[in-house]
Amino acid sequence: MNIIGPDALVFGVDDVAACIQYLTDYGLTPVGVTAEGGRFEALDGTAVEVRHKDDPRLPPAMGTASMLRETVYGVADAATLDAIAAELGRDREVRRDAQGRVLAVDDMGFALAFQLTVRRSIQLPAETINAPGAAPQRPANQVAVTPAMQALPRSLSHVVYFVPDAAKAEAFYQRLGFVCTDRFTGVGPFLRPAGTADHHTLFMIQTPPFMKGCEHFTFHMGGPTEVMLAGTRFVNKGYQSFWGPGRHLFGSNWFWYFNSPLGCHVEYDADMDLHDAEWLAREAPMGADASQLFLFQQRDKWAPSGGPPPGAAR
C-alpha cells in the first residue's frame, strides 16, 4: 500500500490561543486560523491542526491526558485508499467522509484518516558543506550562515505514540505495509510505510495504558544548521528546551525537542537516513547510548573574559 506518511496531526487542546502562538513561533504558517483554531502548514503543505478539546468536529478523546485526536495519513492514489478500506473493513468499522477520506481506529484506539496526499512538491537546496578531501559544495565567497537566514519546517516527519501493547500495535500497521527499520528491545519499533524511504514516520513506545497518546511529533528541516538556528530562535522566544540539540543513532537524524501546550513534545529534525527493502533492522536496548550519538547543551552566548579557562588550575 502506497502510504507516504503523515499529512496532518489533529489536536483538541485546552488553550487554543497558546497553541496558535506556539505553532506560529515554531515556524508553521497559519492557514484559515481563527480564535477557534485552524491549520498550521509546513512548506510542503503537511500540517498540524488545533481546535478546542470540546469542539464537536473532533474525533473522541482517548481517555488519557493525550490531546492528539487524529493522525491523517497521505497516500499516493485512489487504489491505495480502496485497499486500506478493504483491509481494515475485515475486522472494524470503516467510513468514508464527505472528502472521500477513509476513517478508522487502530488497535490501540488512535483515530486514523487516510487521504490522497496534500503534499506539495518543493524545490529547495539542502544544507551544503565544505570538507577537506571532497569537492567544495559552496563556491568561493558564498557564506554558509547569516543572522537573518531562513529556517522553516519543510515537511511533517514522524509521530511517536505511547502504546500499552507495542507488539499488537506493530501488527496492525504491518497490515498496512509498514515495515520495521530498527527496534528498541522490549520498547517498540521504528516503522516505515511503503511510500517513503524515510527511516521512520511512526515510532511506538510501550507504556502503561494510562499514558497512551502522543509523545512527540516533528518536522524535517533543511539541515542541522537549520535545526540549531530554529531551536535557538525558539529558546530566545521563551520556549523550554526538553532534549537536545543532538543527533540520534537510529535514523541518524539531528534533533531538538521542546515542551509544548499540545500535551506532547515537539521536535525539529533533519538529515534522516533513507532505507529500502534490502535494509536489515537493528535492535538495541533503549537508553542514552542507543538513542543519541551525541548531545549538546544549549547555553547563552558567551566570550572569553580574560580569566583562566573553565577547569583550569588556579
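Terms first: two strands pair if DSSP finds at least two bridges between them. Helices (H or I, at least four residues) and strands (E, at least two) are DSSP runs, numbered from the N terminus.

Ground rules: this is a predicted model, so I kept to local features with pLDDT of at least 70 and side-chain atom pairs at pLDDT 80 or more, while totals for chains, interfaces and linings use all residues. Residues are numbered from 1 along each chain as its sequence is written, and side-chain values use heavy atoms, with hydrogens and water left out.

Entry, the sheet. I traced an open sheet of eight strands with mixed pairing, in the order β2-β3-β4-β1-β5-β8-β7-β6. Its edge strands, pairing on one side only, are β2 (29-34) and β6 (95-96).

Entry, β7 and β8. Which residue of β8 is the bridge partner of V102? I found F114 there. Strands β7 (102-105) and β8 (111-116) run antiparallel and are joined by four bridges.

Entry, α2. I saw helix α2 (78-88) lying across β1, β5, β6, β7 and β8, at about 150° to β8. Angles run from 0 to 180 degrees between N-to-C directions, with axes fitted to C-alpha atoms, for helices over the stretch in contact (heavy atoms within 4.5 Å).

Entry, the β14–β15 hairpin. β14 (241-247) and β15 (254-258) pair antiparallel over four bridges, and R247 stands opposite W254. Six residues lie between these strands, and G251 has a positive phi near 95°.
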